[in-house]
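Thanks for passing this one along.

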Amino acid sequence: MDDEILEQLRERYASGNLIVFAGAGVSAAAGMPTWKQLAERLRDRARRKGADPAVVDEIQQYIASNQLINALSAAKLALGPQDFNWTVDKELDDTGREVPEVAQAIAALKPKLKAVLTTNIDRFLERAFQGEWRMVDRPTADIAMDRRFILKLHGTLRAWDTWVFSRDQYDRAMFGSPLLQDAFGALYRTHSILFVGFGLADDNIDQTLARVRALAGGQPPMHFALLPKGVPPFRRRLLEESGIRLIVYENQAGDHAEVAQTLLGLEPAAAPAQPPPPRVATPAAAPQPASSAHPTAVPPANTHPAKARPVRVFFSYASRDEELLARLEAHVSPLKREGLIAPWHSGKIGAGEDLERAIGEQLEAADLILLLVSASYLASEQGDAQVTRAMERRAAGQAAVVPILLRPCDWETTRFAELQAVPRDKKPVTKWSDEDEAFLQVAREIRAVVTKLRASFR
């Protein structure tokens, strides 16, 4: 596995903004049928019930091409709603089955996990969470503002009226209202999603990824997917273009045990309780010094707090302002030498690197985003996209944002006008008689923000 991607995933989890999206593989780990196996059983039932051979062949063609949503839709039409629902309910009934290890591992992330989304209608996840998180089968427009819920996108067992087995049902259930679509857009743009239990050949994940790309806009946030080794090049590219970082595991035993191990590794294990030091008895005859008004305190073994990591700083700027960026970097260089910040801007991208991907990843990882404001910056499409994402991450409590006024421009009509800009008198750096004095004020403001952020890391 890629240690860097795993560390990014741990950071997203620790921030409280990670969502697990559980696919059919989670339930298949307990011996339940996959979506493909369910479609095959429905096909066989349709054949036994005397369905038109052409209809059965159509279901089979959809199964063979992994168009499983179409296969289920065709099977429902062939069997009729009542027979279809009865068969699905019977096949996906988890009564008497043990909760799979991967579902238990997801539940172990309760301390910081934002929510769980799933396409499964069985009750393994609710059982793993032992009823502590509420189950939602009919989302509302404010769902993105909530926490600690299990959202069952395809409905839940027994409640047939909540089931979603066709594309038109999915669209109506999830995106039937503009308010609900806005809510899901916010969910995908301001949180990281970890896909677990999805198969590479499953068109369910294709549909989900299409939603992620559409709702996330031009710069999707960083998402993750746990997948077994052997991801084909085109599939890898499709996932990465959707903003998804792959965590690939060997699956040597064929049981996907590494998935549960990876999930359990996100939540730091509690330190084992240490036994108290042995008490040393003081001899009764030993006299105490007359001058000792208080017993001597024994200092703890380690009185030094853990050292906070550097603040990751992202400079968002227009290419015309590169000279001013360089001067600002010089003024904040003491912060870098002191190990207080880890600065980054697009000028650090090496030859041959993917420009958009590098910028997107650094923007998502940043703790502090500095907007270097000028007319050129406001006119830049890339700057506009970065401002949008920066403000979303600020609203979600994931990053601090500070506008730095470089040149005169109409910035007070922008979406970041509500923020305290520096220099504090709203006088752009280039209008100062001594520009170094302006940069000094800016550097001091940045130091104050960095100090506050580092205190929150401990």
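Which residue forms a salt bridge with Lys-426? The partner is Glu-412, and the closest N and O atoms of the pair are 3.3 Å apart.

1. Ground rules. This is a predicted model, in which local features need pLDDT of at least 70 and side-chain atom pairs count only at pLDDT 80 or more, while totals for chains, interfaces and linings use all residues. Residues are numbered from 1 along each chain as its sequence is written, and side-chain values use heavy atoms, with hydrogens and water left out.

2. Lys-426 and its partner. A salt bridge here is a side-chain nitrogen of Lys or Arg within 4 Å of a carboxyl oxygen of Asp or Glu. Lys-426 and Glu-412 both sit in the loop between strand 11 and helix 18, 14 residues apart. Helices (H or I, at least four residues) and strands (E, at least two) are DSSP runs, numbered from the N terminus. Lys-426 is partly exposed at a relative accessible area of 47%, whereas Glu-412 counts as exposed at 52%. For these words, buried means under 20% relative accessible area, exposed over 50%, and partly exposed in between (1.4 Å probe, protein chains only).

3. Backbone points in that loop. Lys-426 has a positive phi of about 65 degrees although it is not a glycine. The loop between strand 11 (400–405) and helix 18 (435–457) also holds Pro-423, which is joined to Val-422 by a cis peptide bond with omega of about -5 degrees. For context, most residues other than glycine have a negative phi, and most peptide bonds are trans. I would look at these two places together when you have the loop on screen.

4. Another positive phi. Arg-158 is not a glycine either, yet its phi is positive, at about 75 degrees. You will find Arg-158 in the loop between strand 4 (149–152) and helix 9 (167–175). Its relative accessible area is 42%, so Arg-158 is partly exposed.

5. Salt bridges across the chain. How many salt bridges does a search of the whole structure find? The count is 29. One of them joins the side chains of Asp-367 and Arg-309 (2.8 Å, N to O). This pair links distant parts of the chain, 58 residues apart: Asp-367 is in the loop between helix 15 (355–365) and strand 10 (368–373), and Arg-309 is in the loop between helix 13 and strand 8 (311–316). Asp-367 is buried, with a relative accessible area of 8%, while Arg-309 is partly exposed at 30%. Both residues belong to a network of salt bridges that also links Glu-11 and Arg-312.

6. A further pair. Lys-348 and Glu-329 meet through their side chains in a salt bridge (3.9 Å, N to O). They are 19 residues apart, with Lys-348 in the loop between strand 9 (341–344) and helix 15, and Glu-329 in helix 14 (residues 322–337). Lys-348 counts as partly exposed at 38% relative accessibility, and Glu-329 also counts as partly exposed, at 22%.

7. Helix 5 against helix 6. Helix 5 (residues 68–79) packs with helix 6 (residues 81–91) at an angle of about 125 degrees, and their axes are 6 Å apart. Axes are lines fitted to C-alpha atoms, for helices over the stretch in contact, and angles run from 0 to 180 degrees between N-to-C directions. That angle makes helix 5 oblique to helix 6; angles under 35 degrees count as roughly parallel, over 145 as roughly antiparallel, 65 to 115 as roughly perpendicular and the rest as oblique. In the contact (heavy atoms within 4.5 Å), Leu-72, Ala-75, Lys-76 and Leu-79 of helix 5 meet Pro-81, Asp-83 and Phe-84 of helix 6.

8. Buried spots. In helix 13 (residues 257–264), the buried residues are Glu-258, Val-259, Ala-260, Thr-262 and Leu-263. Their cover includes helix 1 (3–14), helix 7 (101–107), strand 5 (192–196), strand 6 (223–228) and strand 7 (244–249). Arg-43, in helix 3 (residues 35–48), is buried too, with a relative accessible area of 14%. Leaving aside residues up to four places away in sequence, Arg-43 touches Val-56, Ile-59, Gln-60 and Ile-63.
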